[in-house]
Amino acid sequence: MENSKVAELKLLVEQLKLNPSLLQNPDLSFFKHYLHSMGATFPPASNSGNGVVYSYRSKVFTESDIELDDADVVESDNDPPQKMGDSSIEVTEENLDAAQALKAKALDALQKGTLNEAIDYLTEAITLNPRSAILYATRASIFVTIKKPNAAIRDADAALQVNPDSAKGHKIRGLAKAMLGSWEEAARDLHFASRLDYDEEIRSALKKVEPNVKKIEEHRRKYERLRKEKELKKIEQDRQRRKAAQEAKAASAFKDGQVIGIHSTGELETISSAASKASRLLVIYFTATWCGPCRYLSPTYANLAGKYQKVCFLKVDIDEAESVARLWNVSSVPTIFFIKNGKEVDKVVGADKNALENKIIQHAG
């Protein structure tokens, strides 16, 4: 087994040590059944509204604001596992006949009300014919009668291993699950049994189980809705924090009195957003090293940055930041855009110093 898988298993065991009620989680039913088969015992299931467990992305959450009808729930039986048959043995005709005779004796004992005697006969029959689903299911039904649901589940599981379509196996396991308060698992087994062989006992059991299942499903939907709302709220809070951090970073990068070089669309978007939030005029100067008029205008542009320190002056070399130039459809240099509150409000094309300062005065106020 991979080391990562072993670590996950160790973590699960540690969580179960701290909170054994997590085994009531339907997602862990396969693990609980395995522990049953090994003879493990479990604390009583709590069903009076506490311990309804849901899992999400390997984290366990519990909700307690749910009232279930647990009048018929019993404490978990902690007896040692009953004797099971060895499925590897050869079942002879003599074994089959002897097992059938023992089954008849068990049914006779049932009619007389000597249930432990019936269990003994069935146990002996199972050792002779461990491939009989009906023998396991019949013994399981007696365990349900004497309120030993875990023993009943072990026998029902054995019956279903022999015959997955055993109506009695599903029915008895469903009844035993209901006795433990495992309502959803009980409902699944009872509904499956009803499709195979519907009877009054199944109908009566479902009348008690289904209302609790409905409450759990409604509770889960409510929980999922609240979880999603909480998750969306956290996502929005994280987004706002990132946005505020970006704006703070951009605000610190305004460099009042200086010209800021822009090298990517990301840099431009960040500073543009911050300028908009601060209600600052943003001036974007597109230039190139080979451009004569640009060399003529650049000293004036730098002086204006020092003169109008609450205006944000940006400079973009169209050869160095081609993506920015394409984004603004710059076809000639120098070209200067004036941005206020996120919108373009004016534009100057060419090295017109007077027009440049006049536009700054006009829009900076």
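Student: In which hand of crossing does H5 pass H6?

Tutor: This is a predicted model. In this model, helix H5 covers residues 133-145 and helix H6 covers residues 149-162. The crossing in which H5 passes H6 is left-handed.

Student: How are H5 and H6 oriented to each other?

Tutor: Two packed helices are described by the angle between their axes and the distance between the axes. For H5 and H6 the axes are 8 Å apart, and the angle is about 165°. Angles over 145 degrees count as roughly antiparallel. H5 and H6 are therefore roughly antiparallel.

Student: What is the order of the strands in the open sheet of five strands?

Tutor: The chain has 13 helices and seven strands. Five strands form an open sheet with mixed pairing. Its edge strands are S3 and S7 (343-349), each of which pairs on one side only. The order is S3-S5-S4-S6-S7.

Student: What is the average twist from one strand to the next?

Tutor: The twist is taken from one strand to the next in the sheet with the order S3-S5-S4-S6-S7. Its average is 25°.

Student: Which residue of S5 stands opposite Val 259?

Tutor: Strand S3 (residues 259-262) is joined to strand S5 (residues 312-317) by four bridges, and the two strands run parallel. Val 259 belongs to S3. The residue opposite Val 259 in S5 is Phe 313.

Student: Which residues make up the covered face of S3?

Tutor: In a regular strand the side chains alternate between the two faces of the sheet. In S3, Val 259 and Gly 261 form the uncovered face. The covered face is made up of Ile 260 and Ile 262.

Student: Which helix packs on the sheet and touches S6 and S7?

Tutor: Helix H10 (residues 265-277) packs on the sheet and touches S3, S4 and S5, with its direction at about 140° to that of S3. Another helix, residues 353-364, packs on the sheet and touches S4, S5, S6 and S7. Its direction makes about 5° with that of S6. This helix is H13.

Student: What percentage of the residues of the chain count as buried?

Tutor: The chain has 365 residues. A residue counts as buried under 20% relative accessible area. The share of buried residues is 42%.

Terms used. Residues numbered from 1 in each chain as written. Predicted model: local features only at pLDDT ≥ 70, side-chain atom pairs only at ≥ 80, totals over all residues. Heavy atoms only, no water. Axes fitted to C-alpha atoms, helices over the stretch in contact; angles between N-to-C directions. Parallel < 35°, antiparallel > 145°, perpendicular 65-115°, else oblique. Left-handed = near helix turned anticlockwise from the far one by under 90°. Buried < 20%, exposed > 50% of the residue type's maximum accessible area, 1.4 Å probe, protein only. Pairing = 2+ DSSP bridges. Contact = heavy atoms within 4.5 Å.
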